[in-house]
Amino acid sequence: MAGTAVAAALGDDSIGLEARVGSDDHMALKLWLRLLACSTQIETEIRKRLRARFGITLSRFDYLAQLHRHPEGLRMNALSRYLMVTGGSITGLTDELEKEGLVVREAAAEDRRAFLLRLTPQGRKTFEQIAATHEGWLIELFGDIAPAERKTLYELLGRMRVTVMARQAHTPQDEAA
């Protein structure tokens with residue numbers, strides 16, 4: 001869908017980040033703003049649905065997802081790095097989820113000062129139910145894009161990630177700031 005067609009389909013009230021783009025702007029800028037707008041729009045919709053259907057935040061969902069991926073458990077500092085949040089945020093979420101019976105906090109065998117976090121059986125069951133619904137929402141949201149186009153988009157975005165990572169590796173620290 002061409003830029004003007006997208007603007008017409010969304011309307012002035014919904015165009016958002018893409019409204020910053022002018023016809024003479026570089027395609028890289030247009031692409032960046034479209035990616036950002038799509039990501040933000042999808043994230044906003046998922047947040048809204050998680051709250052309405054399950055009464056949870058995206059942060060809680062992401063926390064549970066990481067523990068689900070690591071059934072052996074995660075130390076709090078590792079979970080903090082995976083989620084890119086502070087240790088204080090992890091502690092607060094852990095306190096809440098532990099009270100709800102979804103997470104257990106155990107002293108790490110190798111270091112009694114550190115904690116290992118695991119999903120409880122109820123936490124695993126709860127997350128799996130939410131995750132199945134979450135996946136259905138994403139299938140719905142991407143449903144109007146043909147399977148071959150989704151595959152192409154996935155591959156192109158993968159190439160973009162590799163390109164960005166390569167550029168970051170070669171950027172001197174003083175230029176990155």
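This is a predicted model: local features need pLDDT of at least 70, side-chain atom pairs count only at pLDDT 80 or more; totals for chains, interfaces and linings use all residues.
Two helices, α2 (27-54) and α7 (147-169), each supply at least two residues of the patch. Helices here are DSSP runs of H or I with at least four residues, and strands are runs of E with at least two. L35 is found in α2 and is partly exposed, at 34% relative accessible area; buried means under 20%, exposed over 50%, and partly exposed in between.

## R60 in helix α3

Now to an arginine. R60 lies in helix α3 (residues 58-69) and is buried, with a relative accessible area of 12%. Beyond its neighbours within four places in sequence, R60 is in contact (heavy atoms within 4.5 Å) with L93, E96, L97 and E100.

## Helix α4 and its cover

Helix α4 (residues 76-83) has M76, A78, L79, S80 and L83 as its buried residues. Their cover includes α3, α5 (87-99) and the strands β1 (74-75), β2 (103-108) and β3 (111-119). After α4 comes M84, with a positive phi near 55°.

## Reading the numbers

Residues are numbered from 1 along each chain as its sequence is written, and side-chain values use heavy atoms, leaving out hydrogens and water. Local features need pLDDT of at least 70 and side-chain atom pairs count only at pLDDT 80 or more, while totals for chains, interfaces and linings use all residues.

Definitions and conventions: Buried means under 20% relative accessible area, exposed over 50%, partly exposed in between (1.4 Å probe, protein chains only).
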